[in-house]
Amino acid sequence: MKKQLNLFALGSAALMAISVFMPWLSTSISASFGGFGGNASAGLAGTHSFDGIIGLLISLAAAFFAFKEIKWSPVAGIVNVLIGICHALGWVGSDYSGGGFNFDSGSGSSSVSVSTGFGLYIFIAAAIVFTVTTIKYLKNGGEFDLKDLGKSLEQASQSIATQVTQSTTLKPSPGFQPFAGKITSAKAFLFDTPSINNSTRDFIPQSELIHIEKEFESFYYGSYNNPNGEKLIGWVLKIDVIKIG
């Protein structure tokens, strides 16, 4: 089973390297002026950050270690797991950590939000798989059971799911109180989650009222009753809403 392990180890190392070229950061920019609004989004690959470059080099080294069956191979995977988690939490690569800000001048407003990209989660998952498979291979004296691989993949998926949940958990803003709002832009599109990448086809027309229940970064969460009697709920950009009453 030795050849199979090398394929799994090399495959996960290759995936780590490839994921560095995927978005590690997602940014969204929205602006509104004179009743007109627009938004744009973009992703920045891991190669745009110093720790992403380090992660790429370690991934290449990990592939070499696995191919040569060097006993310290798992260390490369562990280091990349730490790099990925620390980057996601903003401990390293802090110039690309999550957050956002809003600006409102009265006649116009703008908003910028930053969130973790899917490439970083793939990087962490691949690093976990590489670490677990190489440890089990060395522990078993150069053999690897496919049943162990299944368990390893399950552990990796659970770990990455936990990481995603923790990084996307909405923390209530201290002192926030629900309020009635009014739509100021021509169309305020609803989002499934507080991310510019998860827009729906539903929108609230200008001057309509919305009940705001909570907030997260540059988004409000609320409900709206349209003229047909249907209740729409979701996230809207803060720049599209003003507080009334």
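A charge is said to sit over a ring if NZ of Lys or CZ of Arg is within 6 Å of the ring centre and within 35 degrees of the ring normal. The views below are close-ups of a predicted model.

**View 1. Lysine residues placed over aromatic rings.** In this view Lys214 lies over the face of Tyr221, and the distance to the ring centre is 4.9 Å.

**View 2. The aromatic pair of Trp24 and Phe123.** The structure holds seven aromatic pairs, and one of them is formed by Trp24 and Phe123, with 5.0 Å from centre to centre and an angle of 55° between the planes, an arrangement that is called tilted. This pair links distant parts of the chain, since Trp24 belongs to strand β1 (residues 23-33) while Phe123 belongs to helix α4, and the two are 99 residues apart. Trp24 has a relative accessibility of 2% and therefore counts as buried, and Phe123, at 0% relative accessibility, counts as buried as well.

**View 3. The aromatic pair of Phe179 and Tyr220.** The ring centres of Phe179 and Tyr220 are 5.3 Å apart and the ring planes stand at 80°, so the pair is edge-to-face; the cut-off behind this step is that planes over 60 degrees apart count as edge-to-face. Here too the pair links distant parts of the chain, with Phe179 in strand β5 (residues 179-183) and Tyr220 in strand β9 (residues 219-225), 41 residues apart. Phe179 counts as buried because its relative accessibility is 9%, and Tyr220 counts as buried at a relative accessibility of 14%. Together with Phe176, the residues Phe179 and Tyr220 form one aromatic cluster.

View 4. Thr134 is found in helix α4, which covers residues 118-139. Its relative accessible area is 4%, so Thr134 is buried, given that buried means under 20% relative accessible area. A polar atom of the Thr134 side chain lies 2.7 Å from the backbone oxygen of Phe130, and the side chain of Thr134 also reaches the backbone oxygen of Thr131, at 3.0 Å. When the neighbours within four places in sequence are left aside, Thr134 is in contact with Ala9, Ser73 and Pro74.

Definitions and conventions. Residues are numbered from 1 along each chain as its sequence is written. This is a predicted model: local features need pLDDT of at least 70, side-chain atom pairs count only at pLDDT 80 or more; totals for chains, interfaces and linings use all residues. Side-chain values use heavy atoms; hydrogens and water are left out. Helices (H or I, at least four residues) and strands (E, at least two) are DSSP runs, numbered from the N terminus. Buried means under 20% relative accessible area, exposed over 50%, partly exposed in between (1.4 Å probe, protein chains only). A polar contact is a pair of N or O atoms within 3.5 Å; within protein, one must be able to donate a hydrogen and the other to accept it, and residues adjacent in sequence count only if both atoms are side-chain atoms. Contact means heavy atoms within 4.5 Å. Rings of Phe, Tyr and Trp (its six-membered ring) pair if their centres lie within 6.5 Å; planes under 30 degrees apart count as stacked, over 60 as edge-to-face and the rest as tilted.
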